[in-house]
Amino acid sequence: MATQPLCVCEHCDAVYRRRALARREIARCLRCGAELYRDQRYDLNAMLALTLAALIVFVIANVYPIVRIEVQGVASEATLWGAIMATWNSGVGVVAALAAATVFFFPLGQIALFLHVLPALRRGRVPVHFSDAMHALRLVQPWSMVEVFLLGALVSVVKLAGLAEVIPGIGLWAFGILTLLLTTLTGFDLRRLWEIADGARR
């Protein structure tokens, strides 16, 4: 007889039998109220497509200028790494390192880990080092803060607009799209990937 899989609350260790949810429904722990799991809108194909789109937009966001500034006929452009290096050279290396980690390395790590896991699961196989990749993904996701950088960039553009001619670059638009894609990736239910991997092992 088929049995329903178990689900353990990560906050209070209460155990429940998992059941299928209606669209947009969220299962919560009866003891502590924490979220157990939610309806997964995307299948593996959609998740992989969104991850590949995030990788392409990530490259565009880091290659093209974020903003172009013109003052008295003199124009200059700044990319993300140009801004990070300028911050480093100005003597605030800690801020530059944090910006590089949260806007470049952690988002790239999040995308790379999904690309390591999803193609194999889509083919019905469990990728090598699956457990390590999933634990790393769980640790990396909260530190991916592209949205914070985007908000800061927009505030800077608005403030500089009164002093110089400021033209948003392709990189800034790409960071806007990347923020939406990474938000969607972060919304993936990682427990669903564990279940798919368990099914592939049987």
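**Contacts, burial and helix packing**

Guide: Not counting residues up to four places away in sequence, Thr 179 touches Val 146, Glu 147 and Leu 150, where contact means heavy atoms within 4.5 Å. This is a predicted model, in which local features need pLDDT of at least 70, side-chain atom pairs count only at pLDDT 80 or more, and totals for chains, interfaces and linings use all residues. Residues are numbered from 1 along each chain as its sequence is written, and side-chain values use heavy atoms, with hydrogens and water left out.

Visitor: Why does Thr 179 count as buried?

Guide: Buried means under 20% relative accessible area, exposed over 50%, and partly exposed in between, with a 1.4 Å probe and protein chains only. Thr 179 has 12% relative accessibility and therefore counts as buried. Its place is in helix H6, a helix being a DSSP run of H or I with at least four residues, numbered from the N terminus.

Visitor: What makes Ala 153 count as buried?

Guide: Its relative accessibility is 13%, so Ala 153 counts as buried. Ala 153 is found in helix H5.

Visitor: Why are H3 and H7 called oblique to each other?

Guide: The axes of helix H3 (residues 93–122) and helix H7 (residues 190–201) cross at roughly 40° and come within 11 Å. Axes are lines fitted to C-alpha atoms, for helices over the stretch in contact, and angles run from 0 to 180 degrees between N-to-C directions. Angles under 35 degrees count as roughly parallel, over 145 as roughly antiparallel, 65 to 115 as roughly perpendicular and the rest as oblique. H3 and H7 are therefore oblique.

Visitor: Which residues make the contact of H3 with H7?

Guide: H3 contributes Phe 114, Val 117, Leu 118 and Leu 121, while H7 contributes Leu 190, Leu 193, Ile 196 and Ala 197. Eight residues of this contact are nonpolar, with no polar and no charged ones; Ala, Val, Leu, Ile, Met, Phe, Trp, Tyr, Cys and Pro count as nonpolar, Asp, Glu, Lys and Arg as charged, and the others, Gly among them, as polar.

Visitor: What makes a set of residues a nonpolar core?

Guide: Such a core is a set of buried Ala, Val, Leu, Ile, Met, Phe, Trp, Tyr and Cys residues joined through side-chain atoms within 4.5 Å. The largest here has 44 residues, of which Phe 114, Phe 175, Leu 178, Leu 185 and Leu 193 touch the most other members. H3 gives this core its largest share, 10 residues.

Technical notes:
Helices (H or I, at least four residues) and strands (E, at least two) are DSSP runs, numbered from the N terminus.
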